[in-house]
Amino acid sequence: MPHHYHYIITGAGCAGSSLLMRMMQEPFFSDKRILIIDQSLKTENDRTWCFWETAPGIFEPIVAHRWQQVDFFSDGFSGTLDLSPYWYKMIRGIDLYRSVRAAASHHPNIEWRNERVISLNADTSVRTESGVFYGDYIFNSILFEKPALPRGKYFLWQHFMGWTIETPGKRFDPSVATFMDFRISQAAGTAFMYVLPVSDHEALVEYALFSPSPLSKEEYEHELRDYIASRLKIDSYTITHTETGMIPMTNMDFRQRQGNILHIGTAGGQVKGSTGYAFQFIQKKTAQLVKALAETGRPFTRVPRGSRRFRYYDSVLLHVLQEKRMQGADIFGSIFRKNPAERVLCFLDNETGIVRDLQIMRSVPPRVFLPAGLAELMKAL
Ligand SMILES: Cc1cc2nc3c(=O)[nH]c(=O)nc-3n(C[C@H](O)[C@H](O)[C@H](O)COP(=O)(O)OP(=O)(O)OC[C@H]3O[C@@H](n4cnc5c(N)ncnc54)[C@H](O)[C@@H]3O)c2cc1C
């Protein structure tokens, strides 16, 4: 059949590129015809990923910086947290795209197309601007449209602007990042700054806000300028890069699969609803897919243990945030004050067991979380 491939990957962002990288590292795929399609050439540094892990992952060679000490600031609790055994790591989008593209250039079985995907079809085909391509399986990371929000579900945007700034003198300690600084206005929703210093004179300073709609460019810029001047006490700097973005924070169900079309990344619901973190969930999912394919020839994987439980926790937190029962700053402040950072990070990775979940739950006020928990339980039944 013309234009037939074993696997077609639509979207070469984080999920598509991660899947391809893992396929290239697994001998099972060396004789498989793989097509990857993206409308963008991915030549821009369009985002910076931060995530935590205890051991090196497949993208370790392109980790731009890592920290094991982070600062946390809120009105109720501030402190420097020791993350061990975790490392908080930063990867620049452009480094990931380039490294995957460079690796793919050594694999003649991989074809890369730079064009817009118009539709995915039930006969496991992909229609693009130039034609129709067939695959045994399609791994799709394109969110064609935001699914309609069902009643009783929550949806917030985590939207942000970040500046990479360079200072003339030494103004940062590159061994300590600021994980969350809530000491800014919370009037528009849960809002915090984070600071990722990569040297003593360069850092990414990012302003993030959870709310139903984005701000104007001027509003983000005002907050960043104000924070750099009043908190970081830096008055002379050059902005060398700006990044903006929006991440869906929701407990709505994303379709995982339609026949032999499997959705991955944001389109597959791999963004954690209550935090917006997705990088490590994408890594886990793509690793599972590649393992299943190599072992069984089919990409179907079991739902990870505990995932319903963690989706429930995400719903409860989104409920509290969206119904404005308690400020995000107070929730995160209380959790970090009463728990070792390692436990919190493990919980946010959906990897704790019931005992440690209960320890986290005991650190937030029952008068706020019990009613929200019961309401979400009733919806789930
Ligand atoms: C600015 C930003 C910063 C983030 N930072 C973090 C972080 O620090 N930590 C974390 O865990 N998560 C973070 N996230 C969340 C998440 O990790 C990213 O959104 C991640 O890129 C999601 O991967 P994805 O593959 O689903 O989507 P994307 O990476 O957006 O990839 C989708 C791809 O599809 C392509 N595409 C779209 N439509 C079409 C079409 N019709 N035809 C062809 N191609 C198409 C796009 O060009 C894109 O390359 C961040 C998100 C953003 C937006």
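# A walk through loops, helices and a ligand shell

Guide: Let's start at lysine 42, which sits in the loop between strand 2 and strand 3. Keep in mind that this is a predicted model.

Visitor: How do you know whether the peptide bond from serine 84 to proline 85 is cis or trans?

Guide: Check omega: for the bond from serine 84 to proline 85 it is near 15°, and the bond is cis. Most peptide bonds are trans. As for location, proline 85 is in the loop between strand 6 (78–82) and strand 7 (87–92).

Visitor: On to helices. Why are helix 7 and helix 8 called roughly perpendicular?

Guide: The axes of helix 7 (residues 341–348) and helix 8 (residues 354–361) cross at roughly 110° and come within 10 Å. Angles of 65 to 115 degrees count as roughly perpendicular, so helix 7 and helix 8 get that label. Helix 7 passes helix 8 with a left-handed crossing.

Visitor: Which residues make the contact of helix 7 with helix 8?

Guide: Helix 7 brings Arg343, Val344, Cys346 and Phe347, while helix 8 brings Arg356, Asp357, Gln359 and Ile360. Sorted by class, that contact of helix 7 with helix 8 has four nonpolar, one polar and three charged residues.

Visitor: Then why are helix 5 and helix 9 called oblique?

Guide: Helix 5 (residues 307–322) packs on helix 9 (residues 366–380) at about 125°, with the axes 9 Å apart. Roughly perpendicular takes 65 to 115 degrees, roughly antiparallel needs over 145, and the rest, unless under 35, is oblique. Helix 5 and helix 9 are therefore oblique to each other. Here the crossing of helix 5 past helix 9 is right-handed.

Visitor: What makes the contact of helix 5 with helix 9, by class?

Guide: First the residues: Tyr312, Ser315, Val316, His319 and Val320 of helix 5 meet Val368, Phe369, Ala372, Gly373, Ala375, Glu376 and Ala380 of helix 9. By class, the contact of helix 5 with helix 9 has eight nonpolar, three polar and one charged residues.

Visitor: How do helix 1 and helix 2 pack, and at what angle?

Guide: At about 35°, with the axes of helix 1 and helix 2 (residues 93–104) 10 Å apart. Helix 1 passes helix 2 in a left-handed crossing. Ser17, Leu20, Met21 and Met24 of helix 1 touch Leu96, Tyr97, Val100, Ala103 and Ala104 of helix 2.

Visitor: What makes up the shell around the ligand, by class?

Guide: The ligand is surrounded by 30 residues, and the closest are Gly11, Gly13, Ala15, Gly245 and Gly265. Elements giving two or more residues to the shell include helix 1 (14–24), strand 16 (238–250) and helix 4 (279–296). By class, the shell has 16 nonpolar, nine polar and five charged residues.

Visitor: How do you know which domains the shell around the ligand draws on?

Guide: Domain 1 (4–54 + 93–148 + 251–296) and domain 2 (155–250) each give at least three residues to the shell. The domain assignment also has a domain 3 (307–380). The centres of domain 1 and domain 3 are 31 Å apart, and their contact takes eight residues from each of the two.

Methods:
Residues are numbered from 1 along each chain as its sequence is written. This is a predicted model: local features need pLDDT of at least 70, side-chain atom pairs count only at pLDDT 80 or more; totals for chains, interfaces and linings use all residues. Domain bounds come from an automatic or database domain assignment. Two residues are in contact if their C-beta atoms, placed from the backbone, lie within 7 Å. Axes are lines fitted to C-alpha atoms, for helices over the stretch in contact, and angles run from 0 to 180 degrees between N-to-C directions. Helices (H or I, at least four residues) and strands (E, at least two) are DSSP runs, numbered from the N terminus. A crossing is left-handed if the near helix is turned anticlockwise from the far one by less than a right angle, and right-handed if clockwise. Ala, Val, Leu, Ile, Met, Phe, Trp, Tyr, Cys and Pro count as nonpolar, Asp, Glu, Lys and Arg as charged, and the others, Gly among them, as polar. A residue is near a molecule or strand if its C-beta atom, placed from the backbone, lies within 6 Å of it.
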